[in-house]
Amino acid sequence: MTNEELLQIIEKAAREKATHLSLNNNQLSSLPPEISQLSNLTWLSLYNNQLSSLPPEISQLSNLISLRLDHNRLSSLPPEISQLSNLISLDLNNNRLSNLPPEISQLSNLKWLSLFNNQLSSLPSEFSQLSKLTELYLNHNRLSSLPPEFSQLSNLTTLALNHNQLSSLPPEFSQFSNLTWLSLNHNQLSSLPPEFSQFSNLITLHLSDNQLSSLPPEFSQFSTLTWLSLNHNQFISLPPEICQLSNLTELSLNHNQLSSLPPEISQLSNLVELDLSNNQLSSLPPEISQLSNLTELYLDNNQLSSLPPEISQLSNLTTLSLSDNPQLSSPPPEIVKQGTEAILTYLRARLEAKG
């Protein structure tokens with residue numbers, strides 16, 4: 001789109017007192033000062049252009065509620081963005097932002113902010129003043145730490161911090177009492193603070209691809225947690241705290257170094273899906289048969305020589321995956337190849353013979 005065409009669109013929208021304007025996918029490299037004429041806009045989308053900066057005049061779009069600037073080339077934001085005081089949703093993902101202006105803190109009505117896939121290495125302390133934020137996406141940046149003030153974002157329900165360089169979390173992090181969804185995958189966490197367990201409403205927790213080998217005892221207090229991902233860590237045994245998470249429905253521990261499971265795993269009575277593939281398991285406790293709601297069990301790439309026949313009592317099991325267990329003799333390879341139903345039939349016969 002040429003500058004002339006863009007000016008015509010802006011003039012027409014201004015004339016019609018337009019409230020919505022979409023300028024996506026137009027290879028725009030800049031916005032003209034005339035953008036300030038669109039004072040009635042509540043929704044502006046500039047997705048997938050080539051914008052490297054924004055004109056100060058954007059501050060005059062004072063009625064904007066939603067602004068999409070994702071998939072551009074923005075390396076900074078003008079301080080004037082602070083004047084968009086009615087903004088509720090701001091999408092800046094897939095840009096080149098290396099920092100944020102302190103003035104961003106003045107977007108006092110902002111509820112939804114996406115900054116993923118930028119180059120942020122830190123956040124201004126003022127960022128914590130965005131007190132109405134409920135969803136914040138900071139994944140795929142270069143954050144190595146979070147300011148203590150960050151915990152003041154007390155209305156957050158969704159927080160994505162995956163694919164950063166975090167090696168620790170501040171104790172204050174626990175103050176997100178409204179958080180229901182938290183992603184910390186692909187960081188450098190080797191431990192979690194005891195306070196971490198104080199998220200009283202957390203439902204989904206992603207901790208895969210870190211350096212965790214244990215969990216704090218307090219972790220067992222996560223009474224609302226239903227989905228837990230701990231793939232690609234350094235666990236050599238199942239943390240006992242996990243067995244007390246009685247509401248868990250999905251637990252993923254693939255790519256660790258687990259050699260055995262404790263009988264207490266039977267306490268996870270609500271589990272529907274359990275992924276233990278790519279570990280070093282040589283056996284399973286018969287108590288695994290008490291996971292009566294289990295529908296999917298993944299045991300690929302372990303060192304199992306046999307399965308307890310009691311697994312056949314898992315009446316809801318529809319997927320039992322056992323590939324790459326070269327030492328497995330019971331059930332034998334020819335049964336394993338036939339799939340879940342054949343495996344369960346074989347184990348049922350073993351159980352009956354045993355009884």
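The largest nonpolar core of this structure has 105 residues, and those with the most contacts inside it are Phe127, Phe150, Phe173 and Phe196. A nonpolar core here is a set of buried Ala, Val, Leu, Ile, Met, Phe, Trp, Tyr and Cys residues joined through side-chain atoms within 4.5 Å. Helix 3 gives the most, with four residues. Helices (H or I, at least four residues) and strands (E, at least two) are DSSP runs, numbered from the N terminus.

Before we go further, please keep in mind that this is a predicted model: local features need pLDDT of at least 70, side-chain atom pairs count only at pLDDT 80 or more, and totals for chains, interfaces and linings use all residues. Residues are numbered from 1 along each chain as its sequence is written, and side-chain values use heavy atoms, with hydrogens and water left out.

Now let us look at the rings. The structure holds 10 aromatic pairs. Rings of Phe, Tyr and Trp (its six-membered ring) pair if their centres lie within 6.5 Å; planes under 30 degrees apart count as stacked, over 60 as edge-to-face and the rest as tilted. The rings of Phe173 and Phe199 have centres 5.8 Å apart and planes at 80 degrees, so this pair is edge-to-face. Phe173 sits in the loop between strand 7 (158-160) and strand 8 (181-183), and Phe199 in the loop between strand 8 and strand 9 (204-206), so the pair ties together parts that are 26 residues apart in sequence. Both Phe173 and Phe199 are buried (buried means under 20% relative accessible area, exposed over 50%, partly exposed in between, with a 1.4 Å probe and protein chains only).

A second pair is formed by Phe196 and Phe222, whose ring centres are 5.9 Å apart and whose planes are at 90 degrees, so this pair is edge-to-face. Here Phe196 is in the loop between strand 8 and strand 9, while Phe222 is in the loop between strand 9 and strand 10 (227-229), 26 residues apart. Both Phe196 and Phe222 are buried. Ring pairs link eight residues named Phe127, Phe150, Phe173, Phe176, Phe196, Phe199, Phe219 and Phe222 into a cluster.

Asp70 is found in the loop between strand 3 (66-68) and strand 4 (89-91). Is Asp70 buried or exposed? At 2% relative accessibility, Asp70 counts as buried. Its side chain makes a polar contact with the side chain of Arg68 (2.7 Å). A polar contact is a pair of N or O atoms within 3.5 Å; within protein, one must be able to donate a hydrogen and the other to accept it, and residues adjacent in sequence count only if both atoms are side-chain atoms.

Finally, turn to the backbone. Most residues other than glycine have a negative phi, and most peptide bonds are trans. Asn117, however, has a positive phi near 60 degrees, and Asn117 is partly exposed, with a relative accessible area of 34%. His163 has a positive phi of about 55 degrees and lies in the loop between strand 7 and strand 8. A cis peptide bond joins Ser330 and Pro331, with omega about 5 degrees. Pro331 is in the loop between strand 14 (319-321) and helix 2.
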